[in-house]
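Please open the model in your viewer and keep the sequence panel beside it.

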Amino acid sequence: MDSRSLAYLSNNLVYSSLAVFAIVFLLHAVETAFAVKSGEGRNLDRQRTEKIARNATGLMVLADLLLLAGLVARGLSASRFPLANMYEFSITGAFMFVTAYLIALRKHDLRWLGLVISLAALLTLGTAITLLYVESAPLVPALKSPWLLIHVLAAIISGGIFLLANSIAGAYLILEKIERGKGRGPWASRLPSLDSLDQLTYRLIALVFPIWTFSIIAGAIWAEAAWGRYWGWDPKETWAFITWVAYAAYLHARVTAGWKGKKAAWLCLIAGSTFLFNYVYVNIWGTGKHTYSGL
Amino acid sequence: MSDVNMSGRRRIEKDRTRDLGEVRELSGFSFLRYLWRLLTSMRTALILLLLLGLASIPGSIIPQRAQNPFQVQDFFEANPTISPIFDRLYLFDVFGAPWFSAIYVLLFISLIGCVIPRLNEYRKAIFERPTEPPALLENFTGYQRFQGDLEEAASHFKSKRFRVERFDDGYTFEKGYLKESGNLLFHFSLILILVGIAASSLFGMRGEAIVNVGERFINTPVTYDNLTPGRFYSVDSLQPYRIELQEFYAEYDPVTNAAREYELKVRVREDLGLPFTNEVVRVNQPLTFGASRVFLQATGYSVIVTVRDADGAISFQGPVPLLPIDPNLTSTGAIKVPDMEPSVGFVASFLPTAARDEIRGGFSSYPEPLDPRLLLGVWQGDLGMDEGKPQSIYRLETDGMERIGLVSLRPGESYDFTVGSITFESFVPWINLQVIHDPGKSYALAGGLLSLLGALGMLFVHRRRIWIRSTSEGIEIAGLCNTNEELVEREIKEAMKGVAKDG
């Protein structure tokens, strides 16, 4: 296949993945609605909701694989890794995020989070396709380096895990509010305890912090080779640093100051929003050397 | 200074009043000790860390002189009232601002103050033997009581590289000292990174030079177009290398006009008397001379022209570098000929691939020279070069001059103006070489990698204790881990496999 038809194939695979994610979202919506509704009067028919949720997870694996195939085709069409502009960052990021969720699902009871996960994947892919799409093209000279793979991939994996940790921290805050108010209804009682959500958020951040640190170091090594300085307070670098500081503060606050629960969850969300800001604002409206969005 | 002192004092007095019920005059020393304690508390470190993050935000939103001086100029023009205030608050130089330095210097003092006592404690902890099991094991993690053999249960932990201490009625096992090692390593490497950054800016140097392909670059101060040495860098210590620019290859995407590849072939000699070697320089592949590196930073075109006076004698000949003003390398500059009488100057535009429209006039539509054209405005009069005022070599000061001609030339063509002629001989690409001497980068890199290693130990190793004791009612086992209780529970369960017989 030539590069043009590979690029078309990639687009079709990403569209298909989007469609499957939409179905996953609907299934999770039905599952949740069903659980909430049946909670009001009758006992929750757990077997039925479980069955729907399991089907949704199965389809989510399919959607994730379609996305992976789309990424591979995109990479082949340009003979490089699909990490060169914001469209590619976004679809790779969505893939990492969903993969992180699916891996976490093997060990932790997170199926109930599927609604949020599929929604986030839908939104990311949707914006990527409608707003961020650029034609598949070869790299500009500054990006021709093995560090592109190392640095950008580490950043995107971090992004996926950050987003997952933030989804859980967000769920923590909502559940905490429910518990403080009316208490958990029957539908929410199937969700894990606040304490285990808090722990899981911490573990994900502890996991991602070294990856993020690595991504910054790899970026610095590359910056030294390409631009002659390893650190220049370029807006993207500055915000990467702010995110690093914010998550370092989160870890610090937990370990030494004993912050837990609500305060820690808020700190996690603030830190996560600095990552998002970096991704959206600096890539599109920023003026530094990292403006590779292609827009 | 006295302000800080006063407010600081008042706070201590308040604290003391609360603690001791009396106000006591503090000696200078105890005040310093108080400040030290305040600064090195975890809370302060945490606040400083968050403050550092907050303080760098304006630097990413307001244009910065160090990154983009022209944008700062634009900002000044667009916001004439607020800009001087911003400027006084160092908001255009955030990362060099005194308040920014204050935060990170305080943070690092705080860091050192946190880490050194911990280092001491850690040293003690390593040499201390594990202590006896606590009286009531039931209150600890993973508590179990079972009937079995004490030694058999203990052997599991002995084989798992736990630190073992035998007591009269049982054992204490300890593991996970690497957590604190990682923690200390992490914080010390942050200090190492800072040392590297300081060394880079104090002992480093950066410079730039525009060199035509076919010419050579010799590393002496005069060959640089600009040279910024660090505070402790002496320009006498420039290494005497020599780079001959032999061939330059640029490839562009025919659809998007974006650059695809730049490749510069050079002949390099590190020092007098050493042999020349052939090298290739690319955007991601600089030349390296010890801690100095030479980067391919930008490219453009120089036009080679010959200017003759009315008698046909050559008044000027040579390549003149022009500066690109768009991605298609439409390049502009000036050719100044002070030796003619009266002086002559040219406003020059070089178009590698000439195109024309009504709004822009002549411009280039592709960066490669497919249809090269030199547009010249010929001016006669006072070049203004005798007044000793610094002038840009790329700009003709046309006040006091008169335009006497306007022409577009292909390579090889000439133009006669009233007092002489100009011939557009040919053109040659130039390369902007960026030379950077950075002796601190290896420290920063070592610091970065060690911090990563430290973070791994700090986050993934867990310090824990497990106790086994034989009592009259059987054998008791329990553990303690502040950072990961599940781990201790799992380890106890594992040890119990095969040991516990219907407990």
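## First stop: a sheet of chain B

Select β5, β7, β8 and β9 of chain B, which in that order form an open sheet of four strands with antiparallel pairing. Strands here are DSSP runs of E with at least two residues, helices are runs of H or I with at least four residues, and both are numbered from the N terminus; two strands pair if DSSP finds at least two bridges between them. The edges are held by β5 (216-218) and β9 (277-281) of chain B, each of which has a single partner strand, so one side of each is left without a neighbour in the sheet. From one strand to the next, the twist averages 30°.

This is a predicted model, in which local features need pLDDT of at least 70 and side-chain atom pairs count only at pLDDT 80 or more, while totals for chains, interfaces and linings use all residues. Residues are numbered from 1 along each chain as its sequence is written, and chains are lettered from A and ligands numbered from 1 in the order in which they are written.

Now zoom in on β5(B) and strand β7 (residues 242-252) of chain B, which run antiparallel and are joined by three bridges. Which residue of β7(B) is the bridge partner of I218(B)? Select R242(B) to see that partner.

## Second stop: another sheet of chain B

Next select β13, β14, β15, β18 and β19 of chain B, an open sheet of five strands in that order, again with antiparallel pairing. Here β13 (323-324) and β19 (401-409) of chain B stand at the edges with a single partner strand each, so one side of each has no neighbour in the sheet. Within this sheet, seven bridges join strand β14 (residues 331-337) of chain B to strand β15 (residues 344-351) of chain B, and the two run antiparallel. If you pick G333(B), you will find A348(B) of β15(B) standing opposite.

Move to chain A and select helix α5 (residues 146-180) together with α7(A), whose axes come within 8 Å and cross at roughly 160°. Axes are lines fitted to C-alpha atoms, for helices over the stretch in contact, and angles run from 0 to 180 degrees between N-to-C directions. Because angles over 145 degrees count as roughly antiparallel, α5(A) and α7(A) are roughly antiparallel to each other.

## Fourth stop: where the chains meet

Finally, show the whole contact between the chains, which takes 41 residues from chain B and 39 residues from chain A. On the side of chain B that touches chain A, α3 (42-61), β8 (259-269), β11 (292-309), β21 (420-437) and α9 (441-460) of chain B each supply at least two residues. Which element gives the largest share of that side? Colour α3(B), from which eleven residues of the side of chain B that touches chain A come, the largest share.

Notes:
Contact = placed C-beta atoms within 7 Å. Parallel < 35°, antiparallel > 145°, perpendicular 65-115°, else oblique.
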